Amino acid sequence: MSNRLVAISGLRKRFGDNEVLRGIDLEIGEGEVVCLIGPSGSGKSTLLRCVNLLEPPTAGTVHAAGHDMTHPDVDLDAARRDIGMVFQHFNLFSHLSILDNIAIAQRRVLGRPKAEAEAEARRLLDQVGIEGKERAKPAQLSGGQQQRVAIARALAMGPALMLFDEPTSALDPELVGEVLAVMKGLAADGMTMLVVTHEMAFAREVADRVVFLDGGVIVEQGPPSRMLTEPKTERAQSFLHRVLHPVD
């Protein structure tokens, strides 16, 4: 594997009596795109949220983007500058313009001057295909446009790692493609990405590796060319048959 950017070992997460993650070991190399797939409740989103400590692990270790996330003295602000995250819902500031949504964290967290932050915001809006909408409010944009703004906002911090938690699941079907196109561009540019997704065509085209979770454990993983056509385990075969052939 190329330089490791993520190293997860023995990761467990319990909510009361429910152990959602039951010993996850996973490494991700720099520039690698890894897609997490599996049924609802399998622990995919919880795993993602443990990587940047939105959920503190019950046990195990997480190293990500040069930070020991499970060390008691971890600088969480510094870590989250290096680990961008895009959620199912866009979480934009409704009272701010699109430009200000992307510039505000640059100014407050990175200390960039207003002109520099706004110039970077415009560059990123152009990158995600939303040029000319700088002064619009989020409510004036489609869901797909809002999600692309959310991606631009995460990229504005200059992260080494991007986490995506089902970024297209809240979108109307016709808007999914425009968000996936931005993510494909990021992958082509070498961004390290950990993506929870149900979009198997995206996983097939973009992922370096597909990881199948069920019941809080990694059941199977491998290149998409094999995982999505010839999974080895019966559980992965059953899941993928239902996802890829829903009318059978």
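Guide: Buried means under 20% relative accessible area, exposed over 50%, and partly exposed in between, with a 1.4 Å probe and protein chains only. This is a predicted model in which local features need pLDDT of at least 70 and side-chain atom pairs count only at pLDDT 80 or more, while totals for chains, interfaces and linings use all residues. Residues are numbered from 1 along each chain as its sequence is written, and side-chain values use heavy atoms, with hydrogens and water left out.

Visitor: Is Gln146 buried or exposed?

Guide: Gln146 counts as buried because its relative accessibility is 15%. Contact means heavy atoms within 4.5 Å. Beyond its neighbours within four places in sequence, Gln146 is in contact with Phe90, Leu92, Pro138 and Leu141.

Visitor: In which helix is Gln146 found?

Guide: Helices are DSSP runs (H or I, at least four residues), numbered from the N terminus. Gln146 belongs to helix H5, residues 143–155.

Visitor: How do the axes of H5 and H6 cross?

Guide: Axes are lines fitted to C-alpha atoms, for helices over the stretch in contact, and angles run from 0 to 180 degrees between N-to-C directions. Angles under 35 degrees count as roughly parallel, over 145 as roughly antiparallel, 65 to 115 as roughly perpendicular and the rest as oblique. Here the axes of H5 and H6 cross at roughly 20° and come within 8 Å. H5 is therefore roughly parallel to H6.

Visitor: Which residues of H5 and H6 meet?

Guide: Among them are Ile151 and Leu155 in H5, and Val179 and Met183 in H6. Ile151 also touches Val86, Met162 and Phe164.

Methods. Helices (H or I, at least four residues) and strands (E, at least two) are DSSP runs, numbered from the N terminus.
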